[in-house]
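Morning, everyone. I have a few minutes on one model, and I will go through it by topic. Please have the structure open.

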Amino acid sequence: MLFRSPDSAKAGFAVAVDAGSYSDGDEFPGLAHFCEHMLFLGSEKFPTESDFDSFCAQSAGYSNAWTSMDRTVYHFMLAHNKLYDGLDRFSGFFTSPLFTEDLTERELNAVDSENNKNLQEDSRREYQLWRSTAKPGHAVQRFGTGNKQSLWDTPIANGTNTRQHLMDFYKGCYSANIMKVAVLGREDLDTLEKWVR
């Protein structure tokens with residue numbers, strides 16, 4: 001979906017991928033959420049791990065993402081005249097992420113910290129209570145956030161490689177046919193369409 005707003009001070013972009021925690025598989029609870037984190041940590045064209053977030057901050061904007069049971073959504077907003085440069089950086093998430101070995105283990109600590117923070121939130125506790133009422137074995141009962149134990153310690157103990165599973169998940173689930181895109185900018189719709197393609 002393309003939206004033209006000729007007087008807008010901001011421009012924005014969002015991508016929804018039809019892959020969330022239901023796509024994790026039983027052995028890697030939290031893998032979709034972990035993939036979301038890792039995509040922000042560099043691409044072939046922009047390999048610096050904080051490049052995208054720094055660019056957004058310097059362009060009067062921000063970026064964020066979230067993973068639910070059935071989808072993962074990435075979005076950013078920035079100054080209207082920075083849209084093309086933002087798209088150039090953002091597209092690397094979906095064409096050439098690095099998934100470097102050293103950042104894989106380090107980012108697991110960020111996922112683990114996020115999970116620990118969530119344990120203190122009443123809304124998360126209510127959500128967990130709701131999930132516990134599902135039929136045993138149903139995908140809704142999976143541990144969607146993940147932590148260091150589910151994404152690193154247990155796989156290592158089982159002789160599997162977290163980074164390899166992450167790359168396999170990305171290759172299997174991040175496909176254009178299950179993505180939806182929305183763009184907002186001042187440019188005419190033909191220009192926006194060309195940039196997205």
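Start at Ala60, which is partly exposed at 47% relative accessible area. For the terms, buried is under 20% relative accessible area, exposed is over 50%, and partly exposed is in between, with a 1.4 Å probe and protein chains only. Ala60 sits in the loop between H2 and S3. Helices (H or I, at least four residues) and strands (E, at least two) are DSSP runs, numbered from the N terminus.

Before I go on, the basis: this is a predicted model, local features need pLDDT of at least 70, side-chain atom pairs count only at pLDDT 80 or more, and totals for chains, interfaces and linings use all residues. Residues are numbered from 1 along each chain as its sequence is written, and side-chain values use heavy atoms, with hydrogens and water left out.

Back to the backbone. Most residues other than glycine have a negative phi. Ala60 has a positive one, near 60°. Phe99, also not a glycine, has a positive phi of about 50°.

Next, the strands. S3 (residues 62-67) and S4 (residues 72-79) pair antiparallel over six bridges; pairing requires that DSSP finds at least two bridges between two strands. The hairpin joining S3 to S4 runs through four residues. Thr67 stands opposite Thr72 in S4.

Now the charges. How many salt bridges does the structure hold? There are ten, where a salt bridge is a side-chain nitrogen of Lys or Arg within 4 Å of a carboxyl oxygen of Asp or Glu. I will show three of them.

In one, Asp26 and Arg142 have their closest N and O atoms 3.3 Å apart. Asp26 is in the loop between strand S2 (10-17) and helix H1 (31-39), and Arg142 is in the loop between helix H5 (122-132) and helix H6 (148-157), 116 residues apart. Asp26 is exposed at 65%, while Arg142 is partly exposed at 21%.

Another joins Lys45 and Asp88 at 2.9 Å, N to O. Lys45 lies in the loop between H1 and helix H2 (51-58) and Asp88 in helix H3 (residues 83-95), so this pair ties together parts 43 residues apart in sequence. Lys45 is exposed at 54%; Asp88 is partly exposed at 23%.

The last pair I have is Arg197 with Glu193, at 2.9 Å, N to O. Arg197 is exposed at 76%, and Glu193 is partly exposed at 32%.
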